[in-house]
Amino acid sequence: MSISRAKDMRLPLMNLVRLKGTPILEQLHLEERLLRASTDNWCIVNDGTNVPTIVMGLSGKPSQLLEVGPVIKDRIPVIKRFTGGGTVIVDKSTLFVSLICNKGDVPSVQPYPRSVMAWSGSLYGEVFEGVDGFQLRENDYVFGDRKFGGNAQSIIRNRWIHHTSFLWDYNVRNMAYLKLPSKVPQYRLERDHTEFVCRMKDYIERSDFVEKTVKAVGNQFAMKEVNLEDIDSYAKGEHVKSTRLLTVEELQEAMSGTAQSA
Amino acid sequence: MALRMWASSTANALKLSSSASKSHLLPAFSISRCFSSVLEGLKYANSHEWVKHEGSVATIGISDHAQDHLGEVVFVELPEEKNSVSKEKNFGAVESVKATSEIISPISGEVIEVNTKLADSPGLINSSPYEEGWMIKVKPSNPAELESLMGPKEYTKFCEEEDAAH
């Protein structure tokens, strides 16, 4: 037996799913399904999504977070996802990495948000080793004082997901659909979106980032590639489905101030 | 989070705690050896919810240990009145520090009241987890389920062991 195979046998298994251009709604549905209906660990990497899409956290209110008029006029899809956290607008240049873990397979991590984020911050520290200024800062992934990745989590009884949308590149025009949120990290000061975020492509090659991420995860798990077509055998049965696309009617109600909740 | 857990473990090791002689100042609380408080007279689940059983009504919330580990709660999702809850099944969620965390019901029954204050003031869960931060009131369908829950001393030990393990 080779040394690497012997090492792998001591590590918990992590299934790796590589996607390219998968619509973000489909990706989120997949993640929620794997979190709730599978008992395996999963690493999902999606290289871009198909169309610009706004994704809000569970408690997000469109009237507070979006310029709803332009969003409706330009027909930008708005999704409410099953995890917490803030609002992002993603597109074909965004890179997504999602990690779903059994708490027992990461015994150093308690199933609470700050503990999970300390672990993920350390993992991405390995990925960005040698890149100046990377840190987890007030729960954001930053280079210096500029955010390049939005992350969020959901924690259920014995499992959790930590997923991130990395701003490889972005269209400044798209940022105009997002309002400045009422709650911001202290380090943001009063900067608007374009002064607050940065492009990951200015710091690392795209393929380099993906492979270093897979390698960093592989230092803690034995990785096994799984094709999307084979997912059904891993996740069976009914599960709660929270992630959904908001309707135009809901957005219109938000704009007119008549929304009860969305 | 790591610093806080280290501090808790260190406090345990050094036996740093509010002494028993101070307990008369807060008669309803037993101050555990860790930094979180555990209230006497309640029962606790290993998922960190508490239950206060008074007659035909059981009030449910999350413990001080849980709110402390979750961080600032910014949103709470709760069931509606007349919904059913089931022992060890999820009945809602809290959002804190970019995470949604499930709330598990310690007992089964019918929801008879929901704490509507939490919609505008979710932080009550942090500031008053055993009082103003209560979440739902339930008519238990099987009161015997309460017997399998932990008492205050057992729960205190459970929290200490859980924190020490990480």
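This is a predicted model: local features need pLDDT of at least 70, side-chain atom pairs count only at pLDDT 80 or more; totals for chains, interfaces and linings use all residues.
Reader: What area is buried between chain A and chain B?

Author: The interface brings 26 residues of chain A into contact with 30 residues of chain B. The size of an interface is often given as the accessible area lost when the parts come together. Carbon and sulfur atoms give 52% of the area buried between chain A and chain B, which is about 2300 Å².

Reader: Which three residues supply 32% of the area that chain A buries against chain B?

Author: The area in question is the part that chain A buries against chain B.

Reader: With which residue does D140(A) form a salt bridge?

Author: Between chain A and chain B there are 3 salt bridges. In the one formed by D140(A), the closest N and O atoms are 2.7 Å apart, and the partner is K98(B).

Reader: Which strand gives the most to the side of chain A that touches chain B?

Author: Between the two chains, 17 residue pairs are in polar contact. Helix 5 (113-127) and strand 9 (146-155) of chain A each supply at least two residues of the side that touches chain B. With 5 residues, the element that gives the most is strand 9 of chain A.

Reader: Why are the buried residues of helix 5 of chain B on the same side?

Author: In helix 5 of chain B, the buried residues are P152(B), Y155(B), T156(B), C159(B), E160(B), E162(B) and D163(B). They lie on the same side of helix 5 of chain B because they cover an arc around the axis of only 165°.

Notes. Residues are numbered from 1 along each chain as its sequence is written. Chains are lettered from A and ligands numbered from 1 in the order in which they are written. Side-chain values use heavy atoms; hydrogens and water are left out. Buried means under 20% relative accessible area, exposed over 50%, partly exposed in between (1.4 Å probe, protein chains only). Helices (H or I, at least four residues) and strands (E, at least two) are DSSP runs, numbered from the N terminus. The arc is that of the directions from the helix axis to the C-beta atoms. Contact means heavy atoms within 4.5 Å. Buried area is the accessible area (1.4 Å probe) that two parts lose on being put together, summed over both. A salt bridge is a side-chain nitrogen of Lys or Arg within 4 Å of a carboxyl oxygen of Asp or Glu. A polar contact is a pair of N or O atoms within 3.5 Å; within protein, one must be able to donate a hydrogen and the other to accept it, and residues adjacent in sequence count only if both atoms are side-chain atoms.
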